[in-house]
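Colleague: I would like to go through this model with you, feature by feature. Please give me the general idea where there is one, and then the case at hand.

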Amino acid sequence: MARRNTGGKHAAGLVDDVGAHVAGRTPPSAFLEVRDLRIHFPTDDGLVRSVDGLSFRLERGKTLGIVGESGSGKSVTSLGILGLHNRRNATVSGEIWLDGQELVHASPGDVRALRGRKMAMIFQDPLSAMHPFYTVGHQIVEAYRVHNDVSKRVARKHAIDMLGRVGIPKPDKRVDDYPHQFSGGMRQRAMIAMALSCDPELLIADEPTTALDVTVQAQILDLIRDLQQEFNSAVIMITHDLGVVAELSDDILVMYAGRCAEYASVDDAFHRPLHPYTWGLLGSMPRLDRERSERLMPIKGTPPSLINVPSGCAFHPRCAYGELNGGRSETERPELVEVEPGHKAACHLSLQQRREIWESEIRPKL
Amino acid sequence: MGLLLIISAVTYAIFFLVPRAAGVSSDDIAGRFAGKQPDAVTLAAIKDRFGFDDPVPVQYGKFIKGIVVGDTYDTGTDKIDCPAPCMGYSFRTNQSVTEQIVDRAPITFMIALGAAVLWVIAGVSIGVLSALRRGTIIDRAAMAVALAGVSLPVFFTGLLSLAFVVHKWQLLPSVNYSDIGDNPFNLILPWICLAFLYAALYARLTRAGMLETMNEDFIRTARAKGLPERTVVFKHGLRATLTPIMTVFGLDVGLLLGGAIITEKTFSIPGLGQLALDGVYQSDLPVVLGATLTAALFIVLANLVVDILYGVVDPRVRHS
């Protein structure tokens, strides 16, 4: 057992990559624990390593924000937890423990029974995520009845209740509307009502506000937070919007090329980040409290191909500080190291170097 | 309204374009009606009776009037009354075109509807199976057969089945039309041959549609709710896949109701298709006009039914 104690003040913590293998299939104490998750897709062009050794923990009532660029493996991770990845062509290894039950090696039927009941998901685009030919009410009733043996009448009443709880006016009328008759924000509310209809203990929100108007985004985030407190569920918030993470999350997991680059509390991630990629994300975030003449600092280059992941540190071709450690980052993959309790980063630069760069070069420009 | 407009356009086109393009003179037409070696007096009488020498718009007016309110042919000696949808009389057999169409329509209906039931059931099930088992031997075999089905015309599969099933192995009696009314299963061979062609087409359509639908976000949502795969496929997937297929189906059936020409010819079944074809061979103008008009009517009606059904099936259409 090489698992590290992550300290009492962090409810959501991180398990060491190597430790997971040694630990075998021991049920963890955490509500959700992902150990060394790998999701690979063999294609004609080569093996796509969408998720390549990811581990994290999450407790009930806590929110974990997973951030990263497109193609960093955020969505594949969440689909993998729900068992919604394409089973035909994906190879999954590692362990996913949800409330003492292992999911990677469980039968598809067992995972299906948990989906919707114990773990639920909110998707990015609520218009395409709802069936266009069935009423909103029907779709909620369906989600409720598959896990609860109740009459249609009771389920319909429950659907109306849920719609009311997510703030849809006149829910008894709107329950018979079709998704296209709802506005974008209403649709996402209905989607949330559907996801929460069976009181799931784990809620995964995959970019829940990306497709919405800015004014509606804040309402939806508030709604998710309120409902989380009401249901005391664990939430994984997947987003590329650091603002959303700052708003909602307790901890942040920064993903790069299918791996964890940095893991920290929200406070640490925004005020004491220890990975050059996190600096890049912070630098490219527009802020209202800054002069408009100041330019954003985008990360140069593009996200790497997940087939030919760069050697060593996957971020090294885009990293401005790679030379500082004599080319080590081009050959050797940095391990995820816990530098402070609950704060981990995978970088070859010494902690001293990183702290200096952050204080002298990055922070003043933000 | 739009449908009436289309029908009028079709009648106009077939009335004015077809005979003129063929370069047939009024003497020719009258000659066909009169039979062998007519004398000038007979010809003139015929022309006068049918108004062959009237200006074309006048003839067109008479034709339309015949369809709407009926017509009366007056030869001086006797009067022939032709009630409401009157499309004139065959130059060859002197039979009322309307009667001929009414006689033959049930035969074509039976061919088209029987085959339609077969091909929808076969085509859609094979398509769904193929999509769900994509890349397996089942999928490949089904799609190979479907490719063959699409490529083989009815006059090939029809003749082949006649040669083997009926004549060589004698599994079925030869297709016999006097019995069609009594025993519609006499049509089993034409049904299978016609359905094979369309089933192949529908299997490919369904497979492609199903593969596309199963990648939709709402399918992922259905799975995320924890629905059994059966419900995901048949309730959520098939429903969305079948809607566009329904459109094609309506139009295909409408087209066939106007006459399954090749099938009828191959199996020598006297349906609307045969009627039209014989009319063309024999330059029997009223018959050609009547058959074409009937076919156009069915297609327009099928379109209408599809449009109405689309509103029932797809709520997005209903509310817009």
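Colleague: Leaving aside its neighbours within four places in sequence, which residues is A:Leu349 in contact with?

Modeller: Bear in mind that this is a predicted model. Once the neighbours within four places are set aside, A:Leu349 is in contact with A:Tyr321, A:Leu324, A:Asn325 and A:Arg354. The residue itself sits in the loop between β12 (343-345) and α14 (351-362) of chain A, and the C-alpha atoms of A:Leu349 and A:Pro334, which are 15 residues apart along the chain, are separated by 9.4 Å.

Colleague: Is A:Leu349 buried or exposed, and is A:Ser183 buried or exposed?

Modeller: The reading rests on a count of neighbouring C-beta atoms, with 20 or more within 10 Å for a buried residue and 12 or fewer for an exposed one. A:Leu349 has 23 other C-beta atoms within 10 Å and is therefore buried. A:Ser183, with 11 other C-beta atoms within 10 Å, is exposed; A:Ser183 is found in the loop between α7 and α8 of chain A. Between A:Ser183 and A:Ser284, which are 101 residues apart in sequence, the C-alpha atoms lie 31 Å apart in space.

Colleague: How is a pair of packed helices described, and at what angle do α5(B) and α12(B) pack?

Modeller: Two packed helices are described by the angle between their axes and by the distance between those axes. In chain B, helix α5 (residues 97-132) and helix α12 (residues 272-281) pack at an angle of about 130°, with their axes 7 Å apart. That angle makes α5(B) oblique to α12(B). On the α5(B) side, B:Gln100, B:Ile101, B:Arg104, B:Ala105 and B:Thr108 meet B:Leu272, B:Gly273 and B:Leu275 in α12(B).

Colleague: Turning to the two chains together, how many residues of chain B are in contact with chain A?

Modeller: There are 17 residues of chain B in contact with 24 residues of chain A. On the chain B side, α9 (217-224), α10 (229-257) and α14 (315-318) each supply at least two of the residues that touch chain A, and the largest share, 6 residues, comes from α9(B). The predictor gives the complex an ipTM of 0.84 and a pTM of 0.81.

Colleague: Where in each chain is the confidence lowest among the elements?

Modeller: Chain A has a mean pLDDT of 86, and 92% of its residues reach 70 or more, yet among its elements helix α1 (residues 17-23) has the lowest mean, 42, while α5(A) has the highest, 95. Over residues 1-23 of chain A the pLDDT is below 50, although this stretch has 56 contacts in the model beyond near neighbours in sequence. Chain B averages 83, with 87% of the residues scoring at least 70; there the confidence is lowest in helix α2 (residues 26-34), at a mean of 68, and highest in α9(B), at 94.

Methods. Residues are numbered from 1 along each chain as its sequence is written. Chains are lettered from A and ligands numbered from 1 in the order in which they are written. This is a predicted model: local features need pLDDT of at least 70, side-chain atom pairs count only at pLDDT 80 or more; totals for chains, interfaces and linings use all residues. pLDDT is the predictor's confidence in each residue, from 0 to 100. Helices (H or I, at least four residues) and strands (E, at least two) are DSSP runs, numbered from the N terminus. Two residues are in contact if their C-beta atoms, placed from the backbone, lie within 7 Å. Axes are lines fitted to C-alpha atoms, for helices over the stretch in contact, and angles run from 0 to 180 degrees between N-to-C directions. Angles under 35 degrees count as roughly parallel, over 145 as roughly antiparallel, 65 to 115 as roughly perpendicular and the rest as oblique.
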